[in-house]
Amino acid sequence: MIIDPHIHSTYSGDSTAEVKDIVKHSRKIGLDAIAIADHNTLKGSEVALKGFGRMDDLVIIPAMEVSTNKGHIVALGISEEIPKGISPEETIELIRAQGGLQSLPIPL
């Protein structure tokens, strides 16, 4: 299975990639799953899931990249936004409380 767990869209503020273009390109290159993990928002994931959530060839994992007070943590498989600016430990607790997984895109 080929997964890209850390993609930013226009909802992140540091990307010009539209959600529809991310999904189209991901399918074109044969990814099995993606996580649109925008900075401090689930909006990109929500748009992707609403518009493309029922595809047989690509799984969209709801995600966001949370800015903690010591760096960034990607929250995978969550349904509610995690507040920014809290400690990494608190962030991980909130991710796990939603049944999600955490990933470090850039080491703390």
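Predicted model: local features only at pLDDT ≥ 70, side-chain atom pairs only at ≥ 80, totals over all residues.
**Entry 1**

I started with the strand order. I found an open sheet of five strands, running β1-β2-β3-β4-β5, with mixed pairing. Which strands stand at the edges? I noted β1 (3–7) and β5 there; each has a single partner strand, so one side of each is left without a neighbour in the sheet. From one strand to the next, I get an average twist of 25 degrees.

**Entry 1: strand by strand**

Next I went through some of the pairings. A reminder to myself: strands of a sheet pair through backbone hydrogen bonds, either parallel or antiparallel.

I looked up β2 (residues 33–39) with β3 and got a parallel pair with seven bridges. One residue I checked there was Ile 34, whose bridge partner in β3 is Ile 60.

Then I moved on to β3 (residues 59–68) and β4 (residues 71–76), which are antiparallel and share six bridges. How many residues does the hairpin from β3 to β4 pass through? I count two residues in that hairpin. I also wrote down that Thr 68 has Gly 71 as its bridge partner in β4.

**Entry 2: helix against helix**

For this one I needed two values, since two packed helices are described by the angle between their axes and the distance between the axes. For α1 and α2 I have an angle of about 65 degrees, and the axes are 9 Å apart. I logged the crossing of α1 past α2 as right-handed.

Which residues meet? From α1 I listed Val 19, Lys 20 and Val 23; from α2, Gly 44, Val 47, Ala 48 and Phe 52. Sorting the residues of this contact, I got five nonpolar, one polar and one charged.

**Entry 3: Lys 43**

I then picked out Lys 43, which lies in helix α2. Buried, exposed or in between? Its relative accessible area is 38%; buried needs under 20% and exposed over 50%, so I put Lys 43 down as partly exposed. Leaving out residues up to four places away in sequence, I see Lys 43 touching Tyr 11 and Glu 81. I also checked Lys 43 against Asp 32: they are 11 residues apart in sequence and 21 Å apart in space, C-alpha to C-alpha.

**Entry 4: Asp 4**

My last stop was Asp 4, in strand β1. At 28% relative accessibility, I count Asp 4 as partly exposed. What does Asp 4 touch, not counting residues up to four places away in sequence? I wrote down Leu 31, Ala 33, Ile 34 and Ala 35. Asp 4 and Ala 35 are 31 residues apart in sequence, and I get 6.4 Å between them in space, C-alpha to C-alpha. I finished with the side chain of Asp 4, which reaches the backbone nitrogen of His 6 at 3.1 Å.

Terms used:
Residues numbered from 1 in each chain as written. Heavy atoms only, no water. Pairing = 2+ DSSP bridges. Helix = DSSP H or I, 4+ residues; strand = E, 2+ residues; numbered from the N terminus. Axes fitted to C-alpha atoms, helices over the stretch in contact; angles between N-to-C directions. Left-handed = near helix turned anticlockwise from the far one by under 90°. Contact = heavy atoms within 4.5 Å. Nonpolar A, V, L, I, M, F, W, Y, C, P; charged D, E, K, R; others polar. Buried < 20%, exposed > 50% of the residue type's maximum accessible area, 1.4 Å probe, protein only. Polar contact = N/O pair within 3.5 Å; in protein donor to acceptor, adjacent residues only side chain to side chain.
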